[in-house]
Amino acid sequence: MAAEMALVKPISKFSRSSPEFSNPRYGKFTTVKMSSTSQPTTKTSAKTSKKAAKSVIKETLLAPRFYTTDFDEMEALFNTEINKNLNQTEFEALLQEFKTDYNQTHFVRNKEFKEAADKIQGPLRKIFVEFLERSCTAEFSGFLLYKELGRRLKKTNPVVAEIFSLMSRDEARHAGFLNKGLSDFNLALDLGFLTKARKYTFFKPKFIFYATYLSEKIGYWRYITIYRHLKENPEYQCYPIFKYFENWCQDENRHGDFFSALMKAQPQFLNDWKAKLWSRFFCLSVYVTMYLNDCQRTDFYEGIGLNTKEFDMHVIIETNRTTARIFPAVPDVENPEFKRRLDKMVEINQKLIAAGESQDIPLVKNLKRLPLIAALVSELLITYLMPPIESGSVDFTEFEPQLLY
């Protein structure tokens, strides 16, 4: 593990020029029914009807999503009488790890939060609010999925069901902490409204495993990278939520390790040619989504002293190395061609956004967007067809969560 950690690129290279903050005053607290793409509610818009207020939720391909699955199939997968590959001893050990609840007293706020928020102004303030919204929505999405899995699996496999319930506890804690952060900016997400209003994306159980494993592991690398960078460059510590990322990211890591154990208990998801194709597909989907999202929000990363593309490539490379321990095949993200393709997709995506925001009539907008969509799909396909790295599962116990510090 020490040798592997030596491969981690130094975080200090991400540093940029000094940040600028001031101390403006802000208005009343507002509860907002919106997605991460929505704008804060003003006094005027608050007078609009409830129906109009709820219509502001906007779904895009890059927005955080809520997921559902085939719960009957999930129950069959974790039925100990049907699936003899289930290692209950391993799951029981993981359950004890989750019951320990290392972060039970970690997420405690102080007056520093509000004071720091009042000093953030201009474009950075707006993008910071969006960061909190998107992060809160993503964590809340995990809470809903894990809570339902915990409920549905209670009779089939009580041990696995309890782990899902404890993971939902973690996700709820994260979402609540982020929503409290929004209150520092005089806003709050109506999570109850989001539960009913957001569209749910259906994934088969094996796709839930691939996507959620990647989501948790990439979350780990994002959080720990930001934490380490700000520890080395405290002048960019503009808001205290980042100080919590070191312990926070270990929740993400434990969740990912649990999904690693789940996939090992379902070898059919890892040991054939279809598994290789799907593994590469989900890796590419997660990496591209993050890269395109973050390149739309460079102000945020520059505001905390990071070079967005360097940060993203660091996270992608480390996530890919971690994922190669369990997935049968992963993209060759360290091939320079991979980044060139990502940058090309960023250019196309920027043109797509510009076409969508133009003042043209819908027909003209769509005609402008069609060739751009085709170009983006073409880039995705070319990147997917790049020679992958053959990888595979290794002994889970070799990679304990605490060793990733």
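These legends walk you through several close-up views of one predicted protein model.

Residues are numbered from 1 along each chain as its sequence is written. Because the model is predicted, local features need pLDDT of at least 70 and side-chain atom pairs count only at pLDDT 80 or more, while totals for chains, interfaces and linings use all residues; side-chain values use heavy atoms, with hydrogens and water left out.

View 1. The chain holds 15 helices and six strands; helices (H or I, at least four residues) and strands (E, at least two) are DSSP runs, numbered from the N terminus. Of its 405 residues, 51% are buried, where buried means under 20% relative accessible area, exposed over 50% and partly exposed in between (1.4 Å probe, protein chains only). Areas come from the Shrake-Rupley method with a 1.4 Å probe, and for residues only the protein chains shown count as cover. Among contacts with a separation of 6 or more, 85% join residues 24 or more positions apart; contact means heavy atoms within 4.5 Å.

View 2. Look around F258: leaving aside neighbours within four places in sequence, F258 is in contact with F91, L94, F98, V160, I163, F164 and M167.

**View 3. Helix α14 and its cover come next.** Helix α14 spans residues 336–357, 22 residues in total, and reaches 32 Å from its first C-alpha to its last. That is close to the 32 Å expected at 1.5 Å a residue, the expected span being 1.5 Å times one less than the number of residues. Buried residues of α14 include F338, L342, M345 and L352. Their cover includes α11 (273–295), α13 (308–323) and α15 (362–384). In helix α15 you can find T383, which counts as buried because its relative accessibility is 4%. Not counting residues up to four places away in sequence, T383 touches L284, F338, R341 and M345.

**View 4. A nonpolar patch sits on the surface.** I361, L363, V364, L367 and L370 form this patch, with about 480 Å² of accessible area together. L367 lies in helix α15 and counts as exposed because its relative accessibility is 53%.

View 5. T156 is found in the loop between α6 (122–152) and α7 (158–184). Its C-alpha is 6.7 Å from that of F78, although the two are 78 residues apart along the chain. Most residues other than glycine have a negative phi. D101, in the loop between α4 (88–100) and α5 (112–119), has a positive phi near 50°. N186, in the loop between α7 and β3 (187–189), has a positive phi of about 65°. D101 counts as buried because its relative accessibility is 11%, and N186 counts as buried because its value is 12%.

Notes: Patch = residues over 30% accessible without salt bridge, like charges linked within 9 Å, V, L, I, M, F, W, Y side chains within 5 Å. Salt bridge = Lys/Arg side-chain N within 4 Å of Asp/Glu carboxyl O.
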